Amino acid sequence: MTLIVAVVAVIALGVGGGATAALIFTGDDSASPSAPRSTQTRDASPVPGPDGDPVNVPAGLEQYYEQVPDWQACGSNDCATLTVPIDYAEPEGETIELNLERAPASDQAAKVGSLVVNPGGPGAPGTSLVDDPSFAFGAPLLARMDIVAFDPRGTGESDPIDCVSDTDLDTFIAQDPAPDDAAEAEQFTEEQDDFFASCVESSDSLIGHVSTVEAARDMDVLRGALREEKLAYLGFSYGTTLGGVYAELFADNVGRFVLDAATDPELDFRENSLSQARGFQTALNAYVDDCLAGGSCFLGTDRQEGLDTIKTLLDDIEASPLPTSSGRDLAIGNAFYGVVTPLYSRDNWPFLDQALQEGLAGNGDTLLLLSDFYSSRNASGGYDDNSLEAFLAINCLDDPTTLEPEDIPAEYPAFDEASPTFGRVFAWGLIGCHGVEVEASEPYPTVRGEGADPIVVLGTTRDPATPYEEAVALADQLDSGVLVSRDGDGHTAYNKGNACIDDAVEGYLLEGVVPEDGLEC
């Protein structure tokens, strides 16, 4: 995932505020019949509770694992902090406080333990998942598990990375994501270099310690603080990346793991970008086909005409930004995010209808609203979180691979084939880590999780951000991977009205019933 164009994977589960609160970015399909599950079960390992001693504690880190979070009421939830070292190679050195939030099980007498969760990104504040827990989790989980979320280091309220001013971030997002000539390419590259230089200048020593490996180590400290022998975990999108790394580093500590909208850790930098380009084209094709199926589609009379209408609109906006009622012009960068954002969920296709119809009439209001929702930009002109800045910092610490701008045109044929509509945007994403100077303190591991308990991997057949093929690949790579497939549109599979998926997930997390490998829902 590269550049800001690859922020199309940032928010797996977003909950908007204000004017955008009605937007839903998580999935779609109507209920599907339940399917039988495997009768294989795993031992339930009830949480010993905070009075017990932590288990499986790495030497030298006892002081961190022995913590007991001081949960304090914050609205209907509980909040606390967790202290972790900035550099695990220097556990006696500087520390940071991770922000925690817990939605307690509604039936404490029937509680089976704590479920640690991550919404995706990288960069999304994890605690956003429990602000409205019923949005992301089904009633059975909410009744019998404490849902525990944390803002990964550098995100949300966990020493958030700060790179640029809000005004400069506006400019960065609005820029043309696919330069057309040498002058635009030079400006584009300078913007990238300036962005990362600003990240270093504006942030503390944590800037070099926000890798996924370090976040996984933090998650094991959290396991110890929760007094869990094994970790129960539900991760979405990038949360599957984090979960996979955890499984590699702490295979013996893996409990009931579910990885939803999985990423393929073996895709290289270029293939990952091509995969996302294909995924968003697939989603856009499905959107246009749905419009045509309804009759009198405003986009045209067949799929190609519909796609051409959207591409022409984007080309026109690139040449001449659209006015909006806010006084801000809709630039091409915002228009791109305005189009891809509703593709995360079939439920939001009507918003894309409205946005495109307005755009074709010369009004950029809804496309800009969708772009602002995506970037967490609020009505006052500020940003509700630092997800875009943290996304780039984390991704480029995990993999700083980048191309030079003069190398990009050679990539056009492959990316145009992957996505005639968005391909060149993703091609230019290949310079997304240009200007990065910090290096990760630990190498990114090969993910196998040998010896771990079963890890359930969910994939959705027309997922735009993490294409289905990536879930298939991850399930195959994991030593104990179990693949469960959802036939549908949108990003993520659980709690989207598909009873077969929900039964499989909840049956495993609550009862230890492992779904049949290859289950199709």
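**Figure 1. Crossing of α8 and α9 in the predicted model.** The crossing of α8 and α9 is right-handed. This is a predicted model. The two helices, α8 and α9 (residues 303–319), pack with their axes 9 Å apart. The angle between α8 and α9 is about 115 degrees. On the α8 side, the contact is made by Gln281, Leu284, Asn285, Tyr287, Val288, Asp289 and Leu292. These α8 residues meet Arg303, Gly306, Leu307 and Ile310 of α9. By class, the contact of α8 with α9 holds 6 nonpolar, 3 polar and 2 charged residues.

Figure 2. Strand β9 spans residues 481–489. β9 and β10 pair in the parallel sense. Their pairing runs over 2 bridges. Val484 has Leu519 in β10 as its bridge partner.

Figure 3. The volume of the second largest pocket is about 470 Å³. Its lining comprises 22 residues. Closest to the centre of this pocket are Pro265, Leu267, Asp398, Asp399 and Tyr444. Elements giving two or more residues to the lining are α7 (238–249), α8 (269–293), α13 (387–398) and α16 (468–477). α7 gives the most, with 5 residues. By class, the lining of the second largest pocket has 10 nonpolar, 7 polar and 5 charged residues.

**Figure 4. The largest cavity.** Across the whole structure, a search finds 4 cavities of 30 Å³ or more. The largest cavity holds about 80 Å³ of space. Its lining consists of Phe196, Cys199, Val200, Ile207, Ala393, Cys396, Leu397, Val436, Glu437 and Val438. Two or more of the lining residues come from each of α5 (182–202) and α13. The lining of the largest cavity divides into 9 nonpolar residues, no polar ones and 1 charged.

**Figure 5. The cis peptide bond at Pro122.** The peptide bond from Gly121 to Pro122 is cis. Omega of this bond is near 0 degrees. Pro122 sits in the loop between β4 and α2 (133–136).

**Figure 6. Positive phi at Ser237.** Ser237 has phi near 55 degrees. That is a positive value in a residue other than glycine. The loop between β6 and α7 contains Ser237.

Conventions:
Residues are numbered from 1 along each chain as its sequence is written. This is a predicted model: local features need pLDDT of at least 70, side-chain atom pairs count only at pLDDT 80 or more; totals for chains, interfaces and linings use all residues. Side-chain values use heavy atoms; hydrogens and water are left out. Two strands pair if DSSP finds at least two bridges between them. Helices (H or I, at least four residues) and strands (E, at least two) are DSSP runs, numbered from the N terminus. On a 1 Å grid over the protein atoms alone, a cavity is a set of points where a 1.4 Å probe fits but cannot get out, and a pocket is an open set with protein on both sides within 12 Å along at least five of seven lines; lining residues have an atom within 4 Å of a point. Grid points are joined across faces, edges and corners, and a volume is the space filled by probe spheres set on the points. Ala, Val, Leu, Ile, Met, Phe, Trp, Tyr, Cys and Pro count as nonpolar, Asp, Glu, Lys and Arg as charged, and the others, Gly among them, as polar. Axes are lines fitted to C-alpha atoms, for helices over the stretch in contact, and angles run from 0 to 180 degrees between N-to-C directions. A crossing is left-handed if the near helix is turned anticlockwise from the far one by less than a right angle, and right-handed if clockwise. Contact means heavy atoms within 4.5 Å.
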